[in-house]
Amino acid sequence: MNIILFGAPGAGKGTQAKRLVTGRGLVQLSSGDMLRSAIAAGTDLGLRAKEIMDRGDLVSDDIIVGMIAARIDDDDCANGVILDGFPRTVAQAHALDEMLDSKGLALDCVIEIKVDEAALFARIENRAAETGGARGDDNVDTLRKRLAVYHENTAPLLPYYADKGVLKTVDGMNSIDEAASQIDRILG
Ligand code: ADP
């Protein structure tokens, strides 16, 4: 089963992805986590990505698509993946279609986790406080930019996946457990 978890920054994609990894034996491919690992490791990619991420912009499609394409080829992904944070642009969605096609795989479901924007600010401020500001992009100014980028570049994927008949929406204003139950009901 190959799933995309979709939603604005702070919607809870990573939290739900981790639950699905434990519950269903899927592999989580989080583009944000992969980039943060590259930053922590001090690779060329990490050095280039850090500044872009800290200001809330998107890393280029070429870099992201290359990174996901390399990872999705690994043996452990054969049972299915949960994509978290990817795709984020229409070009990335097309690249994903090609990647899956070339492997004879299908996209089973895109789950949108929907959250009110005001709640996102509170969540990101909480996360910044809890992690001691570990993420350079967890602050109000950068979140404003990330949300603008989300509306401009990422939200257009909703009609794209709705047209394909794979889009489902869960209420991310509910508790983590309730959102998780909704996701479980969708995935069956
Ligand atoms: P969030 O969902 O909270 O915004 P992520 O960890 O998914 O956080 O992403 C953090 C940052 O990493 C993004 O703001 C962007 O700069 C970069 N990034 C992550 N995924 C992508 C992607 N698919 N395309 C371009 N940039 C990305």
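**Close-up views of a predicted model**

**Figure 1. Strand β1 gives three residues to the lining of the largest cavity, the largest share.** The model is predicted; local features need pLDDT of at least 70, side-chain atom pairs count only at pLDDT 80 or more, and totals for chains, interfaces and linings use all residues. Residues are numbered from 1 along each chain as its sequence is written, and side-chain values use heavy atoms, with hydrogens and water left out. One cavity of 30 Å³ or more is found, and the largest cavity has a volume of about 70 Å³. A cavity is a set of points on a 1 Å grid over the protein atoms alone where a 1.4 Å probe fits but cannot get out, and lining residues have an atom within 4 Å of a point. Grid points are joined across faces, edges and corners, and the volume is the space filled by probe spheres set on them.

**Figure 2. The lining of the largest cavity includes Ile4, Leu5, Phe6, Gly7, Lys13 and Gly85.** Phe86, Pro87, Arg88, Tyr150 and Thr154 also line the largest cavity. Both β1 and α7 supply at least two residues of this lining; helices (H or I, at least four residues) and strands (E, at least two) are DSSP runs, numbered from the N terminus. By class, the lining has six nonpolar, three polar and two charged residues. Phe86 and Pro87 are joined by a cis peptide bond, with omega of about 0°. Pro87 belongs to the loop between β3 and α5 (90-102).

**Figure 3. Phe6 and Tyr150 form a tilted aromatic pair.** The whole structure holds two aromatic pairs (ring centres within 6.5 Å; planes under 30 degrees apart are stacked, over 60 edge-to-face, the rest tilted). The ring centres of Phe6 and Tyr150 are 6.1 Å apart and their planes stand at 55°, so this pair is tilted. Because Phe6 lies in strand β1 and Tyr150 in helix α7, the pair ties together parts that are 144 residues apart in sequence.

**Figure 4. Five strands form an open sheet with parallel pairing.** The order of the strands is β2-β3-β1-β4-β5. The edges are taken by β2 (27-30) and β5 (167-171), each with a single partner strand, so one side of each is left without a neighbour in the sheet. Within the sheet, β1 (residues 3-6) and β3 (residues 81-84) pair in the parallel sense over three bridges (a pair needs at least two bridges found by DSSP). Opposite Ile3 stands Ile82 of β3.

**Figure 5. The largest pocket has a volume of about 1000 Å³.** A pocket is an open set of points with protein on both sides within 12 Å along at least five of seven lines. Its lining comprises 44 residues, and Gly10, Lys13, Arg127, Arg135 and Arg146 lie nearest the centre of the largest pocket. The elements giving two or more residues to this lining are α1 (13-24), β2, α2 (31-41), α6 (117-130), α7 (140-154) and α9. The lining of the largest pocket divides into 14 nonpolar, 17 polar and 13 charged residues (Ala, Val, Leu, Ile, Met, Phe, Trp, Tyr, Cys and Pro are nonpolar; Asp, Glu, Lys and Arg charged; the others, Gly among them, polar).

Definitions and conventions. Rings of Phe, Tyr and Trp (its six-membered ring) pair if their centres lie within 6.5 Å; planes under 30 degrees apart count as stacked, over 60 as edge-to-face and the rest as tilted.
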